[in-house]
Amino acid sequence: MANIWKNPVANWSIKGEADNVPTIPWTSPLKPWIETTKAKQKLYKVGRLRYYYKFPGHGARTWHRWRYPFTRRRILNIRGEYNAKSLRREKTILDRRPVYWMLSFIAMVIAPLLMPGGLESTLLNAGAVFFIYAAINLCWTLVIGTAGIFSLASMAIVGAGAYGAAYLSLTYGLPWWSLPMVGSVIGLVFGILIALPATRLEGFYYALLTLGLVELCRVYVIQSRTFGSATGGVYGADSYLPDGISEISGLTISYYVCFAVMLAVLFMFRFIQGKRLGRILRMAPEKREAFAEATGVNFRWARIQVFIITSVVLGALGGVYASHFHGASPSLFSMDSVLLGLAMLVIGGIGRSEGAVFGTLVVVMIDKVFIDWGPLRLILIGVIMLSVVLFLKGGVFGIKQQFRAWRNKKKSENRSTRAEKGGEMLPEEATETHDKDQIFLRRFDKMQRDYLKTLVSEEVIEEHRRSPLGQHSEALERLLNYFRRQPQSDKYALEAIEPFKSYRIIAMSGQRGVPPRVVEDKIYKSESEALHAVFVRRVQDLMES
């Protein structure tokens, strides 16, 4: 039941003032604060865990000037900023991949010195094979990821270069240092021939064509007497290893030679990615050739250029393969080699140099080191590949972006619950706000609005309708004082179309020189009626806030 509010100015016999009006029961303004402090909502720590080091001092511009040779990539992407909390300058490494690459290279260099004695020969042989296949996969991911050509003929080009170099070395006695050059010429010829259909075919159809080419090469070398159909390959090519060297020394030299080959191919990968050719190809991803052509970029020619360059490098790798293994075998053209290469790319992530190297490391270690497992190791590779396809996007090196997307999703889901106790300002926003008074101001404003919502009733609205101006009850006076203190931006006001006869509601812009906007076209015939309409609008906005 509503209480009765007695008008203190009624004794003065003022016209229009009532002796008493019904009002709501009195409630304490401390009630919202007590309810807020008793909130049982589980809260979480705000901010990010700083797991990286902040370097003191200036120097961000100096790092921006240092770039990799022949590319536009900075050596370290350093960001200089001012920390408002510690009041000092700081530098942060945004892209830490060069640091990880350097640590990996150091580990690869000192790995032969730390290998156990019983597994030294096995691990050195596996390391050399890993470097060769990592170089091949770097070229392959450049074709599929950067150029967007779904070619499965990379191993066919390597096999053609290896067979041609081994045959010429065995027949004409070519030295080992000329085999990569012979292989590169063969790779150039194969690259031009295979690149021609790429101007007409795309996607699945081009993949089928290149897969048929791999099978055609395999059948040819198996049935050809020239390429050793009876002996199972061409063997006897000249090697870079000197005669009479011990087994461990030969494996160590092979390890470092193959490591140098992988570094050279990695440099080629970075060179293409960092120069204009790589930027053109990344400009039109996911079949946006029309957009690239409209901006004046010959996208198809850029793809063919990358394909031909990688074909030359793959042919040279075939020459290195022939010199390393003293020949070539039909296993280069087998479906097992193609599928293992695809597994390496998928596990690490297509289009990433680190993905190609890491995927190759996983597959080669399982295939060569755990050779005693027999067919089980191939099943293990298949299970890893299937798990990556089902649960990861972009391979192992896409976990970071996938985790960030999942974390942002969870942040959005928990946003309202985490902001329940802290007012309108979210915890993430509070940490970035320099003026901490804004946090308490918005928290107080939220609690005040929660209290004012309890004061809105039919009695209060009816009291304002009878007397928009003059003395009011405590509940109505609190509401009016809150509405009057609001900022000018979007604040309701009255526009007198005709003084004392017609009014309409407008909203102030809050900016100098910007006129107010008309809220509605309804015309009110009296000032009291217009004032009550503004009050009702403000109450509605309060209840919806």
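In this report, Ala, Val, Leu, Ile, Met, Phe, Trp, Tyr, Cys and Pro count as nonpolar, Asp, Glu, Lys and Arg as charged, and the others, Gly among them, as polar. The model is predicted, so local features need pLDDT of at least 70 and side-chain atom pairs count only at pLDDT 80 or more, while totals for chains, interfaces and linings use all residues. Residues are numbered from 1 along each chain as its sequence is written, and side-chain values use heavy atoms, with hydrogens and water left out.

**Cavities**

A cavity is a set of points, on a 1 Å grid over the protein atoms alone, where a 1.4 Å probe fits but cannot get out; lining residues have an atom within 4 Å of a point. Grid points are joined across faces, edges and corners, and a volume is the space filled by probe spheres set on the points. The structure holds two cavities of 30 Å³ or more. The second largest cavity contains about 40 Å³ of space. Its lining consists of Val143, Ser151, Ala153, Ser154, Ile157, Phe307, Thr310, Ser311 and Leu314. Two or more of these residues come from each of helix H5 (154-172) and helix H11 (299-325). Helices (H or I, at least four residues) and strands (E, at least two) are DSSP runs, numbered from the N terminus. With four residues, H11 gives the most to this lining. By class, the lining of the second largest cavity divides into five nonpolar, four polar and no charged residues.

**An open sheet**

Strands of a sheet pair through backbone hydrogen bonds, either parallel or antiparallel. Here two strands are taken to pair if DSSP finds at least two bridges between them. Three strands form an open sheet in the order E3-E5-E4, with antiparallel pairing. Strand E3 (55-56) and strand E4 (77-83) are the edge strands, each pairing on one side only. E4 is joined to strand E5 (residues 88-95) by seven bridges, and the two run antiparallel. Glu81 stands opposite Glu90 in E5.

**Positive phi in two loops**

For accessibility, buried means under 20% relative accessible area, exposed over 50%, and partly exposed in between (1.4 Å probe, protein chains only). His326 is not a glycine, yet has a positive phi of about 60 degrees. His326 lies in the loop between H11 and strand E7 (327-328), and is partly exposed, with a relative accessible area of 37%. Asp490, also a residue other than glycine, has a positive phi near 60 degrees. The loop between helix H20 (474-484) and strand E8 (492-498) holds Asp490, which is partly exposed at 46%.

**Salt bridges**

Side chains of opposite charge can pair when their charged atoms come close. A salt bridge is counted when a side-chain nitrogen of Lys or Arg lies within 4 Å of a carboxyl oxygen of Asp or Glu. By this rule there are 15 salt bridges. Three of them are listed below.

| Residues | N to O distance |
|---|---|
| Glu462 and Arg465 | 2.5 Å |
| Glu462 and Arg466 | 3.8 Å |
| Glu477 and Arg484 | 3.7 Å |

Glu462 and Arg465 are three residues apart in helix H19 (residues 458-466), so about one helical turn separates them. Arg466 and Glu462 also lie in helix H19, four residues apart, about one turn of the helix. Glu462 is partly exposed at 30% relative accessible area, as are Arg465 at 46% and Arg466 at 42%. Glu477 is partly exposed at 25%, and Arg484 at 45%. Elsewhere, Arg97, Arg270, Arg352 and Glu354 are linked in a network of salt bridges.

**Aromatic pairs**

Rings of Phe, Tyr and Trp (its six-membered ring) pair if their centres lie within 6.5 Å; planes under 30 degrees apart count as stacked, over 60 as edge-to-face and the rest as tilted. The count comes to 14 aromatic pairs. Trp176 and Tyr240 have ring centres 6.2 Å apart and planes at 70 degrees, so the pair is edge-to-face. Trp176 lies in the loop between H5 and helix H6 (179-198) and Tyr240 in the loop between strand E6 (234-235) and helix H8 (247-274), so this pair ties together parts that are 64 residues apart in sequence. Trp176 is partly exposed at 39% relative accessibility, whereas Tyr240 is buried at 13%.

Phe358 and Phe397 form an edge-to-face pair, 5.7 Å centre to centre with 90 degrees between the planes. One aromatic cluster is formed by Trp101, Phe105, Phe130, Phe131, Tyr255, Tyr256 and Phe259.

How values were computed
On a 1 Å grid over the protein atoms alone, a cavity is a set of points where a 1.4 Å probe fits but cannot get out, and a pocket is an open set with protein on both sides within 12 Å along at least five of seven lines; lining residues have an atom within 4 Å of a point.
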